[in-house]
Every structure is written in structure tokens, then in C-alpha cells.
Amino acid sequence: MCFGAVGDMTNQVSEFPTERTFQYQHSLPPLPVPSLEGSLAKYLDAVRPFATEEEYHVTAAVVKRFGEGIGKDLHQKLLQRARTRRNWLEEWWLDAAYLELRYPSQLNVNFGGPAPYLEHCWPPTEGVQLQRTSISMWHTLQYWDLLRTERLDPHKAGNVVLDMDQFRMLFCTCKVPGVTKDTIINYFKTESEGPCPSHVVVMCKGRFFSFDAVCDGHILTPPELLRQLTHVKQCCEGEPAGDGVAALTSEERTLWAKAREYLIGIDPANKTILETIQSSLFVVSLDDAKPYATSENYTPVTREALTGDPTIRWGDKSYNSLSFADGTFGSNCDHAPYDAMVLVTQGYYVDQQLKATDGKWKGSETVRPMPLPEELVFTVDDRVRSDVAHAKQQHLCVCLQTQDLQVVCYAFTSFGKAAIKQRKLHPDTFIQLALQLAYYRQHGRLGSCYETAMTRRFYHGRTETMRPCTLEAQNWCHTMLLPAASCSKLSPEVQ
């Protein structure tokens with residue numbers, strides 16, 4: 001397994017690419033089944049820092065009985081399953097971790113947060129929302145084109161190729177609710193595979209609009225995108241808010257599935273609108289909120305991205321690009337189809353492009369003739385309005401409950417990974433030990449900690465669990481609090 005981030009993101013695109021983005025997918029090795037003995041030993045290692053001697057001996061005895069008994073039978077079943085699948089875990093993980101969950105996914109499953117653009121060239125500024133959105137959209141569309149033409153370099157850990165399948169899920173992807181289990185629909189295709197949807201959906205004040213992001217084979221320029229966004233904004237300004245059907249996506253999954261079925265049943269045109277949203281490249285949310293985050297404190301925009309207006313986010317969409325009225329940006333994304341590193345990579349690409357151009361468009365100002373955005377208007381009745389009202393109320397109640405949850409998102413700028421590497425430490429090791437030491441200082445004991453490990457060396461690999469709290473970490477934390485501590489006090493494993 002590979003742990004941590006993927007190399008250096010600065011070299012994502014080669015000027016003359018010799019490797020296609022997805023060319024290694026069929027040659028990746030299958031996901032192996034870890035040995036039973038190794039798994040049990042790792043479990044005991046994870047338990048050891050938190051158990052008394054008596055508790056540990058009891059646990060070890062239970063583990064031994066499991067390993068000598070039913071554990072052997074279960075392990076053989078895993079091996080048998082792995083013989084007929086290139087990834088024996090994929091279906092189970094997707095179902096159990098995402099698709100079979102019934103509680104609202106927008107607040108409990110989705111990941112979201114701030115875009116870093118304000119650090120370099122776009123501090124909070126009113127009156128520039130649409131202009132900045134048009135430029136951000138253009139760079140995002142360029143990234144889509146890199147994937148579609150397979151000009152994005154395949155990710156590697158050293159010389160080891162990593163699975164790129166999750167990148168197919170960033171665009172043109174949506175989760176669809178089911179009564180007992182959801183499904184994921186992906187419309188993305190590379191150029192060699194055939195036509196791919198190229199429209200975007202813009203949401204504003206509870207209303208939906210759609211337009212094609214490509215005209216005569218060329219992606220719309222920022223001035224052209226600005227014209228389309230301006231039309232949407234003008235349609236909504238001074239008008240009553242829309243029906244807010246998007247709020248249904250924030251509802252409990254079974255309730256949303258039944259509401260969706262009813263919505264389709266009252267007018268077949270509603271199904272067409274749903275499919276337009278589902279197949280869109282991504283959703284742009286024109287949000288009236290003004291979080292006023294800073295390059296030191298991203299907390300306000302982070303909270304808004306996670307808990308903001310449900311009538312202008314399609315909670316099942318793989319990528320909602322959030323554009324706030326103060327000129328800052330965020331995102332809210334369904335977690336089922338891919339992991340956060342995909343969006344981090346895309347966000348880093350856009351950020352670097354903005355940094356290189358000082359956040360400005362320096363190309364042609366010409367706007368070609370093209371159709372204006374089309375408004376997508378659902379047919380609704382009293383039951384749908386009641387369902388939407390209930391969803392909005394439930395969302396509000398849950399958001400109020402999250403007041404107990406502190407959302408703190410600060411940027412640490414004193415030093416970065418370069419300074420850590422100079423001291424021959426891995427940045428992830430540094431951060432994990434820092435987390436343990438902070439918890440140890442605060443509470444006088446170690447904290448049970450989950451860290452994500454990457455399994456993308458293997459076919460359709462995503463993540464696995466690792467437990468960074470070890471006896472060595474415990475010894476190190478204890479020693480760090482000794483007034484006369486020195487390297488000689490540390491065990492050889494942690495020196």
C-alpha cells in the first residue's frame with residue numbers, strides 16, 4: 001500500500017505528453033487480500049496503546065481464538081472472492097460506506113471546503129462575483145478538457161503507476177437516490193470513447209439554468225461565460241425565489257428517493273430536468289452569502305460550504321462549485337464516486353493557473369453569438385412544496401445542531417514540507433506526531449486516531465485505514481513533556 005499524498009502536484013501536465021491519463025488502467029495489479037496473521041497483528045498493535053495489561057491479554061486471547069477458528073474460514077472466503085474480481089473490496093466498500101447509508105448525505109457524507117484562490121490574487125471583494133466565477137469556470141473547463149483528451153499526466157508514487165479511475169468521476173457524475181440503496185451514474189467519456197455531455201448547470205435563488213460550455217468545438221471564454229452568468233443573475237434579481245427543489249437532495253435518502261419518484265410521476269418533463277442536472281459537467285452555485293474568509297482564517301467559508309443554502313446545491317452532484325457574493329469560492333461534493341485528493345488536484349491546478357495570470361483573463365474579449373441559458377423549471381404541486389419545506393427545515397435543524405461542532409480552518413504558514421524534509425522527516429510523520437503531542441498535552445493521554453492510507457497502486461484502489469497511534473508515539477509524547485528531555489531519552493525507534 002502507498003501512504004500519504006501523491007508526489008508533487010506541480011507537474012500535472014506535460015507540454016508534450018508521452019503517457020495518456022488512463023492508459024495504465026488495464027495493467028494495474030488486482031487488490032491483494034492481506035494475510036490473516038498480518039491483519040490480526042496490526043489490530044493488536046493498534047489496541048496496545050489504549051489497553052491495560054489485563055485488557056490487552058484478554059483481547060489477545062480473543063484474537064487468537066478468532067485466528068484459529070472462524071477467522072480462517074472467513075479469510076478463505078475473501079481469497080475465493082478475490083480470484084474472480086480485480087478488486088474484491090470495491091463493491092462492498094461503495095455500498096456499505098456510501099450507497100446504502102440512509103441518513104442525509106449532504107451534511108453527513110459530502111466533503112466540502114474553501115478554494116485557496118484568495119491567498120494569491122482574489123481576496124474578498126464585492127461586485128466581482130460573476131467576473132471571477134467566469135474565470136474560475138474557464139480554468140475548470142480546461143481541466144475537464146485535459147481529462148477528456150487524456151493529457152493529464154498519470155499519477156505515480158515514484159515510478160509506480162497509480163489508478164486514475166476516480167478522475168473519471170469528477171465531471172458528469174451524480175448519485176441517484178434509491179429506496180434502500182443509491183446508485184452512481186457517470187456520463188463522462190474520453191474523446192476516444194465518444195461524445196461527452198458539455199453543459200453546466202447554474203443554480204441561483206432556488207432556480208436552475210443550463211447552457212453548453214462548448215460552442216463550435218471550443219470552450220466558452222471567460223467573457224462568454226460572464227455573459228451567460230450575467231443573464232442568469234439578471235433573471236433572478238428582484239424576482240421571487242424559485243421552488244428550491246434542490247433542497248430535496250439534503251433529505252434523508254429514502255424520503256428523497258420517494259419524493260423523486262413522485263416528482264417524476266406528476267410530469268415526465270421533470271425526469272428530463274433531473275437527467276440534465278445529473279449529466280452536467282458540474283453545478284455552479286451563485287450564493288448570496290458573504291463569508292469573508294482570509295488567507296489566515298478559512299473558517300467562515302468552510303462552514304458555509306458545508307452547511308450553506310440547500311436550495312442552490314445539488315447534494316448528489318460530484319462537484320458543486322460554490323461562488324459567494326464576496327468573490328470567494330468553495331465546493332461541496334458527493335463523496336461516493338471519488339476521494340478528496342481528486343478535487344485537491346483539480347483545485348491546485350486552477351489555483352496555479354490563476355496565480356500565473358494574476359487572476360485575470362488576458363485573451364480575447366469577443367463574445368460569439370450563442371443561445372442564452374435555458375431555465376429548467378420543475379412542475380410542482382402542493383405535495384412537492386411540502387416535501388421541499390420539510391427538507392429545508394430538516395437541513396436547518398441539523399445545521400443548528402452542528403453549533404456543537406467547532407469548524408476551525410486556519411492556514412499554517414510558518415513553514416511547510418520543505419523545512420520538514422530538510423530535517424529528514426516525512427511531512428506526514430511530522431503532522432501525525434504533532435497531532436498526538438497536542439492531544440497528549442491537552443488530555444494527558446493518547447488519542448485514538450484514524451488516518452487514510454491510499455491503495456491506488458491497485459486496480460480501482462481508493463483508501464484503507466491506518467492507525468498512527470503506536471507505542472513508539474506514546475513513548476515520544478511522554479518524553480517530549482520531560483523538562484530535561486533529549487534525544488538520548490528517546491527509544492531508538494523514534495530518535
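Of the 51 residues that make up the largest nonpolar core, Tyr143, Phe171, Leu281, Phe282 and Tyr338 touch the most other members, a nonpolar core being a set of buried Ala, Val, Leu, Ile, Met, Phe, Trp, Tyr and Cys residues joined through side-chain atoms within 4.5 Å. Two or more residues of this core come from each of helix H6 (129-148), strand E7 (199-204), strand E8 (207-212), helix H7 (222-236), strand E11 (283-287), strand E13 (329-333) and helix H11 (340-356), and H6 gives the most, with nine residues. Helices (H or I, at least four residues) and strands (E, at least two) are DSSP runs, numbered from the N terminus. The model is predicted, with local features requiring pLDDT of at least 70 and side-chain atom pairs counting only at pLDDT 80 or more, whereas totals for chains, interfaces and linings use all residues. Residues are numbered from 1 along each chain as its sequence is written, and side-chain values use heavy atoms, with hydrogens and water left out.

Leaving aside neighbours within four places in sequence, Phe171 is in contact (heavy atoms within 4.5 Å) with Thr140, Tyr143, Trp144, Leu147, Asn186, Phe188, Leu281, Phe282, Ser318 and Tyr319.

In helix H3 (residues 70-82), the residues Gly71, His75 and Arg81 are buried, where buried means under 20% relative accessible area, exposed over 50%, and partly exposed in between (1.4 Å probe, protein chains only). The buried residues of H3 fall within an arc of 115° when seen down the helix axis, so they line one face of the helix; the arc is that of the directions from the helix axis to the C-beta atoms. On the other side of H3, Lys77 and Gln80 are exposed, while the buried residues pack against H1, helix H2 (53-68) and helix H4 (90-99).

Ser35 is placed in the loop between strand E1 (2-3) and helix H1 (36-47), and is partly exposed, with a relative accessible area of 38%. The side chain of Ser35 reaches the backbone nitrogen of Gly38 at 3.0 Å.

The structure holds zero disulfides, a disulfide being a pair of cysteine sulfur atoms within 2.5 Å. Cys215 is in no disulfide, and the nearest cysteine sulfur, that of Cys196, is 17 Å away; Cys215 is buried, with a relative accessible area of 12%. For Cys469, which counts as buried at 3% relative accessibility, the closest cysteine sulfur is that of Cys477, at 7.5 Å, too far for a bond.

Notes
Polar contact = N/O pair within 3.5 Å; in protein donor to acceptor, adjacent residues only side chain to side chain.
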